[in-house]
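User: Please go through this model with me, one feature at a time. I would like the cut-offs stated along with the values.

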Amino acid sequence: MHYIDLGIFVGYMLLMLGVGYYFMYQNKNQEDYFVGGRNIGSWHIGLSVVATDVGGGFSVGLGGLGFVMGISGSWMLFTGLLGAWLAGVFLIPRIKQDKAFSGFYTFPQIFEHLFSKKVGLVAAFISLIGYLGFTSSQLLAGAKLASGTFDGLSLNQALVFMGAIAVIYTVLGGLKAVIYTDTIQWIILMLGFIFIGLPIAYFHVGGWEVIQSTLPPEFFRLDNLSWQDFANWGITILPIWFIGMTLYQRIFASRDVKSAQKAWFIAGLFEWPIMAFMGVALGLLARVAFEQGLLFLSMETMDPEMGIPILLRTILPPGILGLMMAAYFSAVLSTADSCLMAASGNLSTDIFGKWLRFKNEKNQVRFSQLFTLMLGALALMIALQMTNVLELMLYSYAFMVSGLFVPIIFGLFTKNRSPDAAMASMVSGGLITLTLGIVELELPFGLDPNFYGITAALGVYLLVSQLRKPNNQIKIKTYA
């Protein structure tokens with residue numbers, strides 16, 4: 001690795017740590033640390049939302065889809081557009097206009113308010129586990145980029161380095177550091193894609209005629225996928241906009257309803273088509289370079305998610321490579337920090353909150369930082385055991401969605417609020433998805449375990465809520 005690239009990369013990492021250090025002295029209480037003082041503008045929130053949702057996992061994962069199936073892989077993020085805009089229309093007014101939620105820091109607090117303390121606690125554990133897995137997927141994405149780009153750096157070494165940077169500045173700065181660095185990181189990523197990665201890769205492989213003659217026609221069509229692919233992406237990704245702790249933190253951090261809605265509409269538009277097509281296009285160009293023999297790897301040993309970093313290492317000159325790597329690491333850090341903040345909020349507020357009510361607000365912040373550090377270390381250990389970014393990320397999404405989506409929809413948008421039904425729905429949905437994912441059965445219609453988990457959760461909620469209604473109790477008629 002050239003010293004110029006190393007200098008750019010190290011300088012970028014030091015800048016992120018500096019932001020975290022700066023906001024460490026701006027956070028006076030948990031209001032600042034977890035919800036940014038509830039006064040952050042639309043563009044900062046919107047760019048932070050899309051940076052968190054797309055981030056490193058989807059950036060690397062989209063590249064892998066572009067490598068394998070071409071531009072049809074962009075449909076994955078179309079579900080993100082739908083989810084963002086639906087949440088903007090229906091969820092945000094419901095949350096921001098209800099004064100009962102005005103002092104909340106976390107998503108499980110809403111469960112506790114709508115149902116019961118026990119339901120809120122179970123929701124906190126489901127969210128915590130899901131976001132730990134999601135944080136791990138982002139650290140793994142960063143490690144893949146680093147190890148695929150920098151000669152002599154192993155995957156595990158890269159994981160430890162990336163994990164340390166992401167965890168430290170998140171621990172120091174809280175949500176303000178996360179949102180403001182997300183804005184910077186997203187701008188860097190977009191500029192890196194538009195002005196460095198795509199144009200240089202395009203001309204390096206020989207331009208449009210060479211690209212078209214190298215790959216089969218289906219790589220350039222939008223229908224190169226099965227209905228199961230689109231359904232599985234939709235089932236997993238669309239509901240996350242209604243149950244994502246990182247998203248609720250940003251709703252709480254927004255100034256008002258209109259500001260939050262504007263942020264969500266901005267995020268949806270950036271997800272699809274902008275980020276979706278740029279991500280798969282770069283993966284497609286990596287496939288062209290691979291077919292031309294420029295990546296010096298065999299199909300048997302090639303990991304599609306490593307196509308982009310290996311391509312960039314091959315084609316970019318010193319200095320430019322460092323800038324592009326900074327752009328990609330921006331995406332990774334922007335998601336890892338947000339997910340880590342979500343998990344920390346679950347642990348410090350929802351699970352241990354009743355034992356951490358100090359009169360000194362600085363002590364509250366210090367304990368929140370300690371929990372963030374502990375969870376960051378745990379996420380790093382999980383990442384060291386995994387190999388596939390997109391798989392780990394989607395499993396984490398699926399576990400949260402199947403456990404939390406059904407009860408929150410009933411709780412927020414209907415009068416059918418049964419604590420027993422919510423509890424049974426959460427446990428059954430999460431366990432079914434988790435079990436089906438572990439045993440790896442061939443499921444009917446080719447749909448993911450998440451579909452069956454959500455279906456079971458819905459059936460269980462309706463059944464238990466009906467059985468628990470007083471007028472549905474069985475009456476036994478006796479005869480004299």
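Analyst: Helices (H or I, at least four residues) and strands (E, at least two) are DSSP runs, numbered from the N terminus. This is a predicted model, in which local features need pLDDT of at least 70 and side-chain atom pairs count only at pLDDT 80 or more, while totals for chains, interfaces and linings use all residues. Residues are numbered from 1 along each chain as its sequence is written, and side-chain values use heavy atoms, with hydrogens and water left out.

User: In which loop does Phe445 lie?

Analyst: Phe445 is not a glycine, yet its phi is positive, about 65°. Most residues other than glycine have a negative phi. Phe445 sits in the loop between α17 (419–439) and α18 (449–467).

User: Is Phe445 buried or exposed?

Analyst: Buried means under 20% relative accessible area, exposed over 50%, and partly exposed in between (1.4 Å probe, protein chains only). Phe445 has 60% relative accessibility, so the residue counts as exposed.

User: Which peptide bond is cis, with omega near 15°?

Analyst: Most peptide bonds are trans. The bond with omega near 15° runs from Trp272 to Pro273.

User: How many salt bridges does the structure hold?

Analyst: A salt bridge is a side-chain nitrogen of Lys or Arg within 4 Å of a carboxyl oxygen of Asp or Glu. One of them joins the side chains of Asp98 and Arg94, N to O at 2.8 Å, and another joins Arg221 to Asp223, also with closest N and O atoms 2.8 Å apart. The count for the structure is three.

User: Where do Arg287 and Glu291 lie?

Analyst: Arg287 and Glu291 form a salt bridge with their closest N and O atoms 2.8 Å apart. Arg287 is buried at a relative accessible area of 14%, whereas Glu291 is partly exposed at 40%. The two are four residues apart, about one turn, and both lie in helix α12 (residues 257–291).

User: How is α4 oriented relative to α12?

Analyst: Axes are lines fitted to C-alpha atoms, for helices over the stretch in contact, and angles run from 0 to 180 degrees between N-to-C directions. Helix α4 (residues 75–96) packs against α12 at about 175°, with the axes 8 Å apart. Angles under 35 degrees count as roughly parallel, over 145 as roughly antiparallel, 65 to 115 as roughly perpendicular and the rest as oblique. This makes α4, relative to α12, roughly antiparallel.

User: Which residues of α13 are buried?

Analyst: Helix α13 (residues 307–315) has seven of its nine residues buried, so it is largely enclosed by the rest of the structure. The buried residues are Gly307, Ile308, Pro309, Ile310, Leu311, Leu312 and Ile315.

User: How do the residues lining the largest cavity divide by class?

Analyst: The lining includes Thr52, Asp53 and Cys339, and α3 (42–69), α6 (117–149) and α11 (245–253) each supply at least two of its residues. Ala, Val, Leu, Ile, Met, Phe, Trp, Tyr, Cys and Pro count as nonpolar, Asp, Glu, Lys and Arg as charged, and the others, Gly among them, as polar. The lining divides into six nonpolar, three polar and one charged.

Definitions and conventions. 1 Å grid on protein atoms, 1.4 Å probe; cavity = no way out; pocket = protein on both sides within 12 Å on 5 of 7 lines; lining within 4 Å.
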